[in-house]
Amino acid sequence: MEEAAVVFYAGPFAITSIVITTWGIILLLGVFCWLATRQLSLEPGPLQTMLEGIILLIEESIEAVSPGYSQQMMPFIGTLWIYILIANLVGIVPELHSPTGNLSVTAGLALLVFLSVHWFGIRNEGAGYLKHYLSPSPILLPFHLISEVTRTIALAVRLFGNIMSLELVALLVLLVAGLLVPVPVLMLHIIEALVQAYIFGMLALIYVAGAMQSQQNVQGVS
C-alpha cells in the first residue's frame, strides 16, 4: 500500500495529501449545497429537480429497508452515500487519489458506522437494546461481540481493497497501453465507484436498521 505524502505538520499531526483531498471534498460539498439551496422554489429548475430526485431515491431506499425510519436515518446514510461516491470518483482526476483507497479513511468510516449503529439502537430501544446480545441465549454473547468487530473490519477492508485495486489496475493498463484505452478505464472507475458507494451505504443502512429494530427481532426469535 502506497503511503500518502505528508504535506505539512500541524503540531504532532502529519497532514497528508489524503487529508487535504478529504478537506477539499467536504468544502466542495458544503459550498455546492449552500449554492444549490439558496433559492429553492415551488417551481423547481433542472438543478433543484435533480437534487430532489436524488433525495427521494435515498429516502425510498431507506424506507424499503427500514419502514418508518427514513427521516431519522436520512442525514447519516445520505451523507455516507454522497461522500463515498465523491471520494471514489476523485481518483479519476489526474494527480489525485481516492481517499477511500486509503485504509485509514475506510477504517474511520467503518468506525463511524459501528458507533452509529449503537447510538441509533440505544436512541430507539433504550437500554433494552443491549438485550439482543443475550438472545436467544447468553452463551452466544461472545459470538455477537466477535460478529460486531469482524463486520466492521470487513466493511473497512472491502471498500479500501476495491478502490485501491481499481486505481492500481487503471495505472497498469495506462502504463501498458498508453492513452489508447482511457475511456474504458474511466468508465470502469465510474461504475466501480458507484457500486462500492452503494454497497457500503447499503450495509451501513442494514446494520443501523437492525439495531433500531433489535427488540422486534428478539421477540420474533422468542
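Mentor: Helices here are DSSP runs of H or I with at least four residues, numbered from the N terminus. Keep in mind that this is a predicted model.

Trainee: OK. Which helix does Thr22 lie in?

Mentor: Thr22 is part of helix α1, which covers residues 17–36.

Trainee: Is Thr22 buried or exposed?

Mentor: Thr22 counts as buried because its relative accessibility is 15%, and the cut-off for buried is under 20%.

Trainee: What does Thr22 touch, not counting residues up to four places away in sequence?

Mentor: Tyr83 and Pro99.

Trainee: Switching topic. How many salt bridges does the structure hold?

Mentor: One. Arg151 pairs with Glu148, and their closest N and O atoms are 3.4 Å apart.

Trainee: Where do Arg151 and Glu148 sit relative to each other in the helix?

Mentor: Both are in helix α5, residues 141–177; they are three residues apart, so about one helical turn separates them.

Trainee: What is the helix content of residues 103–121?

Mentor: That span is 100% helix and 0% strand, with its end C-alpha atoms 27 Å apart. Residues 7–37 come out as 65% helix and 26% strand, and the end C-alpha atoms there lie 34 Å apart.

Methods: Residues are numbered from 1 along each chain as its sequence is written. This is a predicted model: local features need pLDDT of at least 70, side-chain atom pairs count only at pLDDT 80 or more; totals for chains, interfaces and linings use all residues. Side-chain values use heavy atoms; hydrogens and water are left out. Helices (H or I, at least four residues) and strands (E, at least two) are DSSP runs, numbered from the N terminus. A salt bridge is a side-chain nitrogen of Lys or Arg within 4 Å of a carboxyl oxygen of Asp or Glu. Buried means under 20% relative accessible area, exposed over 50%, partly exposed in between (1.4 Å probe, protein chains only). Contact means heavy atoms within 4.5 Å.
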